[in-house]
Amino acid sequence: MEKKNNYIFIFLTIVAWIIFVGLCIEAGGLIVNFIFSLYKPEFVQNLYQKLDLSEMYTRSKWDYFNMYTFILAISLLKAYLFYIVILLVSKLDLAKPFNSFVSKQITQISYFTLSIGLLSSLAQHTAKNLLQQGYEIDILDQFWADSEAFILMSAIIYIIATIIKRGIEIQNENDLTV
């Protein structure tokens, strides 16, 4: 049974790395898009995800920078979230999983997940306001379509972090009584 758990854990570590690399590529591509959109807007249609917000840029630079800030912040937060997950799985000792490092990392994961959810929700409401002003923003929905899922997931992860923290306290009490 222990060998099976180790294989599953190795597989999950590899999956976390793949997701992390993918999110880093996405964040990097979005940063390049942003820089190119400022200096060479005619090339944006050939870049990553063809995220062309040139109409928004010509109508209102404030709205353009506001929406791109949301996109970049959410993308960078997701990449950093998986960086924390990779740190957790790389330093996790399955023989003694209840320690302060694990508790701290899982708590951080819950905070970053909540931040992504709240920021995505705020971006979603801002985009709806821009839609009412006549902007074409259908291409932006992909960046914050899952805001509610992140908020719910953060609550579940926080509960798990609290249980682990309590488990550490009980383990420390047991170590002191023996």
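Hi everyone, let's start with a pair of residues: R166 and E169 sit three residues apart in helix α5 (residues 147–177), so about one helical turn separates them. Helices here are DSSP runs of H or I with at least four residues, strands are E runs of at least two, and both are numbered from the N terminus.

Before I go on, a word on the model. It is predicted, so local features need pLDDT of at least 70 and side-chain atom pairs count only at pLDDT 80 or more, while totals for chains, interfaces and linings use all residues. Residues are numbered from 1 along each chain as its sequence is written, and side-chain values use heavy atoms, with hydrogens and water left out.

Back to our pair. Side chains of opposite charge can pair when their charged atoms come close. R166 and E169 form a salt bridge, with their closest N and O atoms 3.2 Å apart. By salt bridge I mean a side-chain nitrogen of Lys or Arg within 4 Å of a carboxyl oxygen of Asp or Glu.

Now for K78, which lies in helix α3 (residues 61–91). K78 is buried but has no salt bridge. Which side chain of opposite charge is nearest to K78? That is D146, 4.0 Å away. Here Lys and Arg count as positive, Asp and Glu as negative, and His and the chain ends are not counted. Leaving aside residues up to four places away in sequence, K78 touches L23, I116, F143, D146 and F150; a contact means heavy atoms within 4.5 Å.

Let's zoom out to the whole chain. The protein chain has five helices and zero strands, giving the pattern α-α-α-α-α along the sequence. Its C-alpha atoms fill a box of roughly 70 × 30 × 25 Å along the principal axes. Of the 178 residues in the protein chain, 37% are buried. Among contacts with a separation of 6 or more, 75% are between residues 24 or more positions apart.

That's my tour, from the R166 and E169 salt bridge to the five helices of the chain.

Note on methods. Buried < 20%, exposed > 50% of the residue type's maximum accessible area, 1.4 Å probe, protein only.
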